[in-house]
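This briefing concerns selected residues of one protein chain. Please view the sequence and the structure before reading the points that follow.

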Amino acid sequence: MIDQQELNCYYDFVLKLTIETGKVIRDAIEGCKNIETKAGDWDLVTQFDKKIEEILIYSLAKEFPTHKFIAEETVSSTNHLPELTDDPTWIIDPIDGTTNFVHSFPFTCISIGLAVKKELEIGIVYNPVLEQLFTARRGRGAYLNGKLIKSSNIERLEHSLLCLEASYATIENIRDITLGRVEAFVSIAHGIRTIGSAALSLCYVAMGAAEGYHTDNLMPWDVAAGVLIIRESGGVVIDTNGGEFNIMSPKVLAAGNHKLVNELVKLIKEADTKTLEKKFRNEIKNININTC
């Protein structure tokens with residue numbers, strides 16, 4: 001049984017810490033950044049990502065010395081993703097939407113989730129540029145700047161505003177699948193948006209500003225807080241294939257309600273089938289050309 005008083009203590013401390021640390025983003029977004037790459041040209045990191053993560057981990061570890069951490073820049077530097085255990089574990093993205101931050105595009109945020117006994121208990125996503133503070137506690141609802149939020153009840157794809165990450169098409173081995181899904185979304189949705197921050201995209205589904213969100217190729221810190229926030233808003237998060245969502249290997253399909261998320265599963269499966277059939281036809285065509 002999780003001690004609710006302890007969780008209250010964790011929540012109060014991390015909320016104050018997040019708001020205070022958000023000043024680093026707000027003060028730096030218009031200034032110069034030292035930019036490095038990690039997995040590729042699309043995967044950026046700045047000195048501010050590292051600074052914020054250091055502040056958060058140092059402060060949380062000092063206050064709660066038995067807690068564990070899964071944090072983006074720490075994992076990147078060691079190239080080792082820790083196992084999620086039953087111990088209280090803070091899952092941290094110091095700046096989600098680093099490319100946005102580099103370009104002074106204001107959709108960027110701090111994302112912090114807390115898992116206890118492998119269950120998400122606290123989620124905080126804070127965009128200090130636009131002053132959007134999303135919060136959630138398991139079983140207590142989701143909030144934007146202290147006001148309760150609810151996900152959309154729109155059930156039809158053609159009436160939906162959908163978010164997805166198209167930038168992964170720069171990765172050659174998933175380009176065709178990514179573009180096939182983009183085409184499928186564009187062909188049926190009321191509109192699509194690519195925001196460049198998984199955490200904020202999930203929160204916008206949670207508040208009903210968008211009906212659905214999809215992306216693969218993420219890490220736990222990208223989505224931990226947002227997943228709890230959308231679930232507490234009444235929304236749904238599942239695996240892209242329609243199965244149970246795995247926080248440690250996140251393939252994200254989120255929607256405001258169960259009917260819409262099931263429609264999105266079908267849409268993605270149909271798009272992937274078309275992509276694979278097209279690839280197969282092209283391979284057969286190339287074989288015939290080469291044998292002539």
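Asp222 belongs to helix α7, residues 220–232; helices (H or I, at least four residues) and strands (E, at least two) are DSSP runs, numbered from the N terminus. The model is predicted: local features need pLDDT of at least 70, side-chain atom pairs count only at pLDDT 80 or more, and totals for chains, interfaces and linings use all residues. Residues are numbered from 1 along each chain as its sequence is written, and side-chain values use heavy atoms, with hydrogens and water left out.

**Asp222**
- Asp222 is buried, at a relative accessible area of 11%; buried means under 20%, exposed over 50% and partly exposed in between, with a 1.4 Å probe and protein chains only.
- Not counting residues up to four places away in sequence, Asp222 touches Asp93, Asp96, Ala198 and Ala199, where contact means heavy atoms within 4.5 Å.
- The Asp222 side chain reaches the backbone nitrogen of Met219 at 2.8 Å.

**Binding site annotation**
- An unreviewed UniProt entry places the feature "binding site" at Glu72, Ile95, Asp96 and Asp222.
- These positions are spread over 151 residues of sequence, yet they cluster in space, with a largest C-alpha distance of 9.6 Å.
- UniProt positions follow the numbering used here, feature names are shortened, and annotations may be inferred rather than shown by experiment.

**Ile95**
- Ile95 lies in strand β4, residues 89–96, and is buried, with a relative accessible area of 1%.
- Leaving aside neighbours within four places in sequence, the contacts of Ile95 include Glu72, Phe48 and Phe101.

**Ser111**
- Ser111 is part of strand β5, residues 109–116, and is buried, with a relative accessible area of 0%.

Technical notes: A polar contact is a pair of N or O atoms within 3.5 Å; within protein, one must be able to donate a hydrogen and the other to accept it, and residues adjacent in sequence count only if both atoms are side-chain atoms.
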